[in-house]
Structures are given as C-alpha cells and as structure tokens.
Amino acid sequence: MKLTTHTDYALRLLIYLAIRGDDMPATVQSAAGHYGISGHHLAKVSQTLVQLGYVSSLRGRGGGLRLNRPAEEINIGALIRQTENLELLECFGPNSTCPIDPACRLKHVLWSAQQAFMQVLDGYVLADMIDNREALRLLISGDGS
C-alpha cells in the first residue's frame, strides 16, 4: 500500500506537534519549514486534522496549532482510515463493473492483505511514534546528523 501525501503530511504534522518542547502553539509555516514541505499543502492538511478533532487551531497573535488530544489517544490506524480512500481497486467499492467480481479470488487476497496492514497500524498510537522525542527534535531543528 502507498499512503497519499495528505496522510503522510498529517502524520508528520502530528509528530511535529507532539515533540515540541514548549507550550506555545506551532504554526503551519514553522512545521512546513522544518520538514521542507509545502506550507500551502500542510495548511490544507491542518484543516483536515482540525475537522477530525486531532488538532486545535488558535487564532490571533500567539496562535497556531496544538494537539487536541494526548498522543496516547491518537491511534495511527484510525487516522489513516479517516484520511485515506482504502478502496485499493474499483471492486472494493459498491459500483464495481468488473465481470469476474463475484468469483474473483484476487479481490479477497488483497482485502485480507489490507486488513492485516490496518491491524498492524491499529496497534500503534502517536506516543509510540515519538518515544525517541529528543532524537526527533534534533533532526527537525537541523542540529542532528
């Protein structure tokens, strides 16, 4: 499976917010700058995370983004289910036009593989992704090697 850039950036932004050492909200531009990614695209991702309740957006001077839940409560599998279209093939959806769909074994093999993939992701929360917080901080700040 390949995750979309939107989900990749969502995971990166959540990691960035979780590893910050201060209580000040982070700006989208700051996170984008640290990762070397598009601030415009990351702003769209942050809107998704706000709508889904993972992130709070604070307006005004000193505003920015912060986690809306503890990192221990942000399940990676759940996030991916909310940000990805998990229909690997057309036949995974309700409007399949494939003539062999009713008897296709490939569909079932791929569905099983996807379920195994998601089951692994369901076993992790954001806190697991940042248990090496200091190393991540150094790398994001540009002080790491």
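Mentor: Asp 8 and Arg 12 both sit in helix 1 (residues 5-19), four residues apart, which is about one turn of the helix; helices here are DSSP runs of H or I with at least four residues, strands are runs of E with at least two, and both are numbered from the N terminus. This is a predicted model, in which local features need pLDDT of at least 70 and side-chain atom pairs count only at pLDDT 80 or more, while totals for chains, interfaces and linings use all residues. Residues are numbered from 1 along each chain as its sequence is written, and side-chain values use heavy atoms, with hydrogens and water left out.

Asp 8 and Arg 12 form a salt bridge, their closest N and O atoms lying 3.1 Å apart, where the term stands for a side-chain nitrogen of Lys or Arg within 4 Å of a carboxyl oxygen of Asp or Glu. By this rule the count comes to four salt bridges. Asp 8 is partly exposed at 28% relative accessibility, and Arg 12 is also partly exposed, at 25%; buried means under 20% relative accessible area, exposed over 50%, and partly exposed in between, with a 1.4 Å probe and protein chains only.

In helix 7 (residues 133-141), Arg 137 and Glu 134 are three residues apart, and so are separated by about one helical turn. The closest N and O atoms of their salt bridge are 2.6 Å apart, and Arg 137 is partly exposed, with a relative accessible area of 27%.

Another salt bridge joins the side chains of Asp 101 and Lys 107, at 3.0 Å from N to O, and here Asp 101 is buried, with a relative accessible area of 15%.
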